[in-house]
Amino acid sequence: MSAPEIPSRWDDEACAGATEPELLLYRSNLLGSDLRVTNYGGGNTSAKVSMPDPLTGEMVSVLWVKGSGGDLGSMGMDGFATLYLERILALEGRYRGREHEDEMVGCLPHCTFGLNPRAASIDTPLHAFVPHRHVDHMHPDAVIAIAAAAGGERLAGEAFGGELGWIPWQRPGFDLGLKLGALCRARPGLKGAVLGGHGLFTWGATARECYEATLAAIDRAASFLAARARPAPFGGSAGAALAPGARRAFVIALAPSLRGRLGVTRAKVGHFVDSAEVLDFVASRRMRELAARGTSCPDHFLRTKIRPLVLDCDPGLDSPPDVAARLDGWLAAYRADYAAYYKRCRRSDSPPMRDPDPVIVLVPRVGLLSFAPDKATARVAAEFYGNAINVMRGATDLSDYIGLAELEAFGVEYWPLEEAKLRRLPPPRPMDGRVAVVTGGAGGIGRAVAERLLAAGASAVLADLAGPRLDLAVEELAGRFGPDRVRAAVADVTDEAAVVGAISSAVAEYGGLDVLVASAGIASAAPIDETSLALWRRNLDVLATGYFLFAREAFRVMKVQGTGGSIVFVGSKNAIAASGGAAAYNVAKASELHLARCLALEGARHGIRANVVNPDAVLHGSAIWAGEWRAERAAAYGVPPEELEEHYRRRSLLQRCVLPADVAEAVYFFASDLSAKSTGNVLNVDAGHLAAFPR
């Protein structure tokens, strides 16, 4: 069996006339957009470019290299650090040995070219000391599998026919750069090098030559692995994976309990993966043994911790409640093990121990769950552990898998330079790690609410009827806030099964639920003697029963999760001050208000709060007000429909229009910790309406 080749996507026409730095960016984006080449945020590229010195005008050699942070696939020109190559090379004279290696990082800013503010990464010396114009450093699973296998140096020789050199594992830094440069001088015919347990270096005289050398090396590694693949990976199956529906149901039932325990000090979002590769691993005989060995590539364990938590259960026999009841013991053991690892390995200058909870949780026969302060980070962590699984599979096919030695792993995880990078991250937002479901999410108020929660860091599921409004709302919000943080759930609020499905989809996507905002609505008007039973029932079905169904399902999840929650109803001024000719609507809105009080009473001991925002006359962006309701209310007040908003403004005490964003701000107050000590409350957003003053 042979592995499929990674096709070259280099297009000379697409980059005709590009400068060397622009070709470097083109190459970087091509490489970073293929996960077979490198993982998200992993790897780096460089080019040595002749440029005029901004002070002297003399031509100097400038190292353009991907800076600290960022992602090759999506970076722009501002993602590169630029340094005087001659100054970096001259630092060899100041180097005092590996025990002083970190001090060399402080020298790199003094080598900056052109006042570039982009910080240079720790891999900069590895690119500088390679005597080739273009250099790529990637983390392809196929190459790392060889690099992390027992007998890796011999296997690399067989796989690459002597065209790539070998350097045993060593933490990236100045000394590794010197070793890489020495290898190039000793063997000038090499096309690259394999770093033990770490990744791949390749080089070339041109940007295209370097790019295609990288692809060729990965293809050779993949073919080498494919020719030696075993039909039963990881020692064979320990039991068949559950059926897809059973896997999803198990995760939906278990995830809130797990998320609640992992989010005690800081809220976290979950991500679930049950790909074929993951299932091969979690249903295998060697899963526990190999998982305990930890990961190898530094990029992997920086995002996944050195090893995952493996649940000691059989989901084919154990029910989710049975498994949930044992979580505390498993997590306590994991935390104690992590604390012992920190204590064994720490040095006098080590940063304080970080969160001891697992990032990756392996569920036998079901899949992989990851947890992080936001969805994108959780997803990327899961992807990285997927890379680690691929590495373990390839390595065990070749010989056996070797994880990184504990002291070496700790040295990277608690590297002061990594700590400095973490400290440069922006501070957390108020609702990072929170998950919200917004009913009527495609409407004017619902969409504004979702936007406000997303801006504060939450992930949002927009529940609404299927249609272009929902599709457009999700598309636009995902474009602004990132596709990981926005989901759609098609649901008719009067359909119990659809409501259960909507809440279940939120749990499946994010691991749980913290906020429910019920804003789905209709409106109708008719004198009491002309109100049909169908109209009466329709109002109660949507505005009372619909709110009840979503609140009940959200309450169930929040209760199991054990970390509290917030339920916010978007009510109406009519809940307190009835309008003539709208009895069905008035009564339904009043029932919402009382339901919220009931939820506040029952939820208090679970930390679940329930509050109501009562808006009035929010016409902007509303599908309700675009229909018959506007004409009906205009007729009731004796004004033309186009003057209805002005009529509402004039009747308010503050003489102001109420907009969806105004309602969203009030909802945010109740949804967030700003109102942590408020439940059973009502907040009017009606620009002042005397009859609706709460009494």
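1. The model is predicted, so local features need pLDDT of at least 70 and side-chain atom pairs count only at pLDDT 80 or more, while totals for chains, interfaces and linings use all residues. Residues are numbered from 1 along each chain as its sequence is written, and side-chain values use heavy atoms, with hydrogens and water left out.

2. The chain has 24 helices and 18 strands, which are DSSP runs numbered from the N terminus (helices: H or I, at least four residues; strands: E, at least two). Of its 695 residues, 56% count as buried, where buried means under 20% relative accessible area, exposed over 50% and partly exposed in between, with a 1.4 Å probe and protein chains only.

3. Lys-48 sits in strand E1, which covers residues 44-52. Lys-48 is buried without a salt bridge, and the nearest side chain of opposite charge, Asp-136, is 10 Å away; a salt bridge requires a side-chain nitrogen of Lys or Arg within 4 Å of a carboxyl oxygen of Asp or Glu, and in counting charge Lys and Arg are positive, Asp and Glu negative, with His and the chain ends not counted. A polar atom of the Lys-48 side chain does, however, lie 3.0 Å from the backbone oxygen of Val-130.

4. Leu-654 belongs to the loop between helix H23 (644-651) and helix H24 (660-671), and Leu-654 counts as exposed because its relative accessibility is 58%.

Technical notes
Polar contact = N/O pair within 3.5 Å; in protein donor to acceptor, adjacent residues only side chain to side chain.
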